[in-house]
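Work through the exercises below with the sequence and the 3D structure at hand. Each task is followed by a solution in steps.

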Amino acid sequence: MYFVGASYGGYAAAMAALKTPDLFWYAVSFAGVSDLRNIVFKSRYYTNKKFVEHQMGKDVHNLIARSPFYQAKRINIPMLLFHGASHTLVNVRQSQRFYQKLLDLNKPVEYIELADGDHYLSIQRNRHKAFTAIAEFFKQHLVSLK
């Protein structure tokens, strides 16, 4: 079984990879949040600070415990991360940092950054690149399971 998600679903895919590795063979995260602490920390510069704190909480230890970035050592299934370079809802650094962390831990991970990409895969070439990459990732990892 596999888990594919975007935005919150991308976060959920990463959390599923670390919390239920025996259930999933691999996971795909598009524009997923990986570091909740970072989101709350960065919100202090914006007018939505109170909203973000209300939604995610302020307890640093809890935010870290619920962030795939800080739990990356527990991920042992292949992951495909992709993110739009111009994404405004979830900063591309979320996926870039998570990817680098997984690489540093020698975890099976691939990363694709979509030029001018946004939250909705609005550009046709990005949709094509994303879905082609997902299909290839599935093919590669389904073969390795047989």
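This is a predicted model: local features need pLDDT of at least 70, side-chain atom pairs count only at pLDDT 80 or more; totals for chains, interfaces and linings use all residues.

**Exercise 1.** State how many cavities of 30 Å³ or more the structure holds, and find which helix gives the largest share of the lining of the largest cavity.

Solution. The structure holds one cavity of 30 Å³ or more. The space in the largest cavity is about 40 Å³. Two helices, helix 1 (8–19) and helix 5 (93–104), each supply at least two residues of its lining. Helix 5 gives the largest share, with three residues.

**Exercise 2.** Locate Ser-7 and Leu-121 in the chain, and describe the phi of each.

Solution. Begin with the general rule: most residues other than glycine have a negative phi. Ser-7 is not a glycine, yet its phi is positive, about 60 degrees. Ser-7 sits in the loop that runs between strand 1 (2–6) and helix 1. Leu-121, also not a glycine, has a positive phi of about 50 degrees. The loop that holds Leu-121 lies between strand 4 (109–114) and helix 6 (124–145).

**Exercise 3.** Decide whether Leu-121 is buried or exposed.

Solution. The cut-off for buried is under 20% relative accessible area. Leu-121 has 11% relative accessibility, so Leu-121 counts as buried.

Key
Residues are numbered from 1 along each chain as its sequence is written. Side-chain values use heavy atoms; hydrogens and water are left out. On a 1 Å grid over the protein atoms alone, a cavity is a set of points where a 1.4 Å probe fits but cannot get out, and a pocket is an open set with protein on both sides within 12 Å along at least five of seven lines; lining residues have an atom within 4 Å of a point. Grid points are joined across faces, edges and corners, and a volume is the space filled by probe spheres set on the points. Helices (H or I, at least four residues) and strands (E, at least two) are DSSP runs, numbered from the N terminus. Buried means under 20% relative accessible area, exposed over 50%, partly exposed in between (1.4 Å probe, protein chains only).
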